[in-house]
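Open the model in your viewer and keep the selection tool ready. Each stop below says what to select and what is there.

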Amino acid sequence: MEVADILRACIILVGFALLCITVTSLAKRRMTETFCIIWGGVSFLVILAGILLRPVLLKNYISIAGMVILSLAGFCIICGAYFLSTMISDLTRKNRELAIQVSLLKRECEKNKERLDKLEGNVADEEDIDYN
């Protein structure tokens, strides 16, 4: 088996791993649906790249050590992007929850103002009555 075949197999495995991680993140609600769709598309493209691309004469251009370093750099970039996606999804979810809580608090404040106005109106009406 040549280096190119090993590289293709690794790319396909990375694509399947990304797809599994994406589905798991969606199931555990770590990422929002839009990010999961994007990551699913990326993993599908990585799988297609592993299947369709044939790196011929790869060992003439880059050594095995260079390929390992590039692979580790790609792994770090993918992990960083995934981490950012989960953090942005978490912040989006928290922002949505805070917006809901603020709107509920505003509505409760309006109800309390209406009650207070009603009570103040009743007190003012009682003061206007002249008890002779």
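**Stop 1: a helix pair**

The crossing of α1 and α2 is left-handed, meaning that the near helix is turned anticlockwise from the far one by less than a right angle. Helices here are DSSP runs (H or I, at least four residues), numbered from the N terminus.

This is a predicted model, in which local features need pLDDT of at least 70, side-chain atom pairs count only at pLDDT 80 or more, and totals for chains, interfaces and linings use all residues. Residues are numbered from 1 along each chain as its sequence is written, and side-chain values use heavy atoms, with hydrogens and water left out.

Select residues 3-27 for α1 and residues 33-52 for α2. Their axes come within 8 Å and cross at roughly 165°. Axes are lines fitted to C-alpha atoms, for helices over the stretch in contact, with angles from 0 to 180 degrees between N-to-C directions. The two helices are therefore roughly antiparallel (an angle over 145 degrees).

Now show the side chains where they meet. On the α1 side, pick residues including Ile 11, Phe 16 and Leu 19. On the α2 side, the residues include Trp 39, Val 46 and Ile 51. Contact means heavy atoms within 4.5 Å. By class, this contact has 13 nonpolar, five polar and two charged residues. Ala, Val, Leu, Ile, Met, Phe, Trp, Tyr, Cys and Pro count as nonpolar, Asp, Glu, Lys and Arg as charged, and the others, Gly among them, as polar.

**Stop 2: Arg 29**

Select Arg 29, in the loop between α1 and α2. Its phi is near 60°, a positive value in a residue other than glycine. Most residues other than glycine have a negative phi. Arg 29 is partly exposed, at 47% relative accessibility (buried is under 20%, exposed over 50%, partly exposed in between, with a 1.4 Å probe and protein chains only).

**Stop 3: Leu 53**

Go to the loop between α2 and α3 (58-61) and select Leu 53. Leu 53 is exposed, at 54% relative accessibility. What does Leu 53 touch, not counting residues up to four places away in sequence? Arg 8 and Leu 48.

**Stop 4: two cysteines**

Finish with Cys 76 and Cys 79. Their sulfurs are 6.6 Å apart, too far for a bond. A disulfide needs a pair of cysteine sulfur atoms within 2.5 Å, and the count comes to zero. Cys 76 is exposed at 53%, whereas Cys 79 is partly exposed at 37%.

Definitions and conventions. Parallel < 35°, antiparallel > 145°, perpendicular 65-115°, else oblique.
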